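Here is a short briefing on one protein structure. Look at the sequence and the model first, then read the points below.

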Amino acid sequence: MDRLPPATTVLQVIPDLNSGGAEQTTLDVARAIVKAGGTALVVSQGGQMESGLTEAGAEHILMPVKSKNPLTLRKNAGRLAALIAERNVSIVHARSRAPAWSALWAARRAKIPFVTTYHGTYNQSNALKAFYNSVMARGDTVIANSHFIARLIAERHPFAEDRITVIQRGSDLNGLDPANVSALRQQALKDQWGIPAGHPIIVNIARLTAWKGQKIVIEAMARLKDTNGGDPIAILAGDHQGRESYVAELKKLIADNDLHDRVRLVGHCADVPAAMALADLAIVASTEPEAFGRAAVEAQAASVPVIVSDLGAVPETVLAPPEVAENQRTGWRVPPADPVALADAIQMALRQGPENREQLTERALTHVRQNFSVETMCAKTLAVYAGLMP
């Protein structure tokens, strides 16, 4: 969709604007709203992606929407209601549970459409958690970012089944094309990370939290240390977001396995295309289901072979047997939390001949171009907005 109805103002609400798939999608959709002639507002507690939002022509409003305190949720509902009235907001789009409750109350008070995107699998261990999660299924349209998540919503919240729309996440395929990443950008990142020449580079880009599987990567690298695997170096790039104890655990695991020269913790990566351009292999090592798994798509878009944990939405993003024939494979899927299987897959991937690697990455690139472009994601989201307006 190229244009929105005249005077459309869309308010997206998300806890913060630090690194993450939901945050990047917020920025992408805000940019598309502006391009389509609308006004894009985003409420959050801010973060490192805030400048990108304003550069896209959107407006950011600071509000304590990350809080789960019931009193704060109610106060935020009042603040959002006032903002909706002041800015003549047409649609509210919530992307996380705590702010979604405030946004729901404010949108209903203003009698305007309310949209949600179910971005995660969300822990649902008891009835209270189920009720808390249910706000993400209370939108006039409920966007699932994968078919896996659509099935999960329908199972957990049957009342929402007829309002679910699948819009898979999209990536900037042009930006990820290695032909569009300058040698200068690559060298700057190589210097920053202290990567010596002559080593295969394995990249794992994910926030530093236990379920993202960084420990599994380290354990797999330990198993490869004494094999004829080409001495690869693994880059663990991600923001710890205050999880200092987890970082300490990772550093200890690296030290205990004498992997200081083989595994690097490099912090947040601001230039993912450059990281991918340097990589010989990408790994997504999650130990719990990914709602979508943008990192796997980004690797394929950058023509980098990828290994992923076989969980969640992975069969949608990375094609592999038994769902497809061997000659249709776009990457490798391994059991989660299995460093032995991961180490074996790393060896297999790095030992590919140039012809096999080229065929694999060409299939992967075709797959993501057909299904996971940011343009397709944004066009479908704008169509949802237009369909809800009078």
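Helix α9 (residues 214-224) is largely enclosed by the rest of the structure, because 8 of its 11 residues are buried. Buried means under 20% relative accessible area, exposed means over 50%, and partly exposed lies in between (1.4 Å probe, protein chains only). This is a predicted model: local features need pLDDT of at least 70, side-chain atom pairs count only at pLDDT 80 or more, and totals for chains, interfaces and linings use all residues. Residues are numbered from 1 along each chain as its sequence is written, and side-chain values use heavy atoms, with hydrogens and water left out.

**Helix α9**
- Helices (H or I, at least four residues) and strands (E, at least two) are DSSP runs, numbered from the N terminus.
- The buried residues of α9 include Ile216, Val217, Ile218 and Met221.
- Among the elements covering them are β8 (201-205), β9 (233-237), α10 (244-256) and α14 (339-350).

**Nonpolar cores**
- A nonpolar core is a set of buried Ala, Val, Leu, Ile, Met, Phe, Trp, Tyr and Cys residues joined through side-chain atoms within 4.5 Å.
- The largest one has 41 residues, and Leu11, Val43 and Val92 have the most contacts inside it.
- Helix α4 gives the most to this core, with 7 residues.
- Val92 touches residues including Leu11, Ile84, Ala103 and Phe114, not counting those up to four places away in sequence; contact means heavy atoms within 4.5 Å.
- A second, separate core has 34 residues, among them Leu189, Ile235, Ala237 and Val284.

**Aromatic rings**
- Rings of Phe, Tyr and Trp (its six-membered ring) pair if their centres lie within 6.5 Å; planes under 30 degrees apart are stacked, over 60 edge-to-face, and the rest tilted.
- By this rule there are 4 aromatic pairs.
- Trp101 and Trp105 form a tilted pair, 6.0 Å centre to centre with 40° between the planes.
- Both lie in helix α4 (residues 97-110), 4 residues apart, about one turn of the helix.
- Trp101 is buried at 8% relative accessible area, while Trp105 is partly exposed at 24%.
- The charged end of Arg74 sits over the ring of Trp105, 3.8 Å from its centre; the rule asks for NZ of Lys or CZ of Arg within 6 Å of the ring centre and within 35 degrees of the ring normal.

**A buried charge**
- Glu298 lies in helix α12 (residues 294-301).
- Glu298 is buried but has no salt bridge, meaning a side-chain nitrogen of Lys or Arg within 4 Å of a carboxyl oxygen of Asp or Glu.
- The nearest side chain of opposite charge, Arg294, is 4.5 Å away.

Conventions:
Lys, Arg positive; Asp, Glu negative; His and termini not counted.
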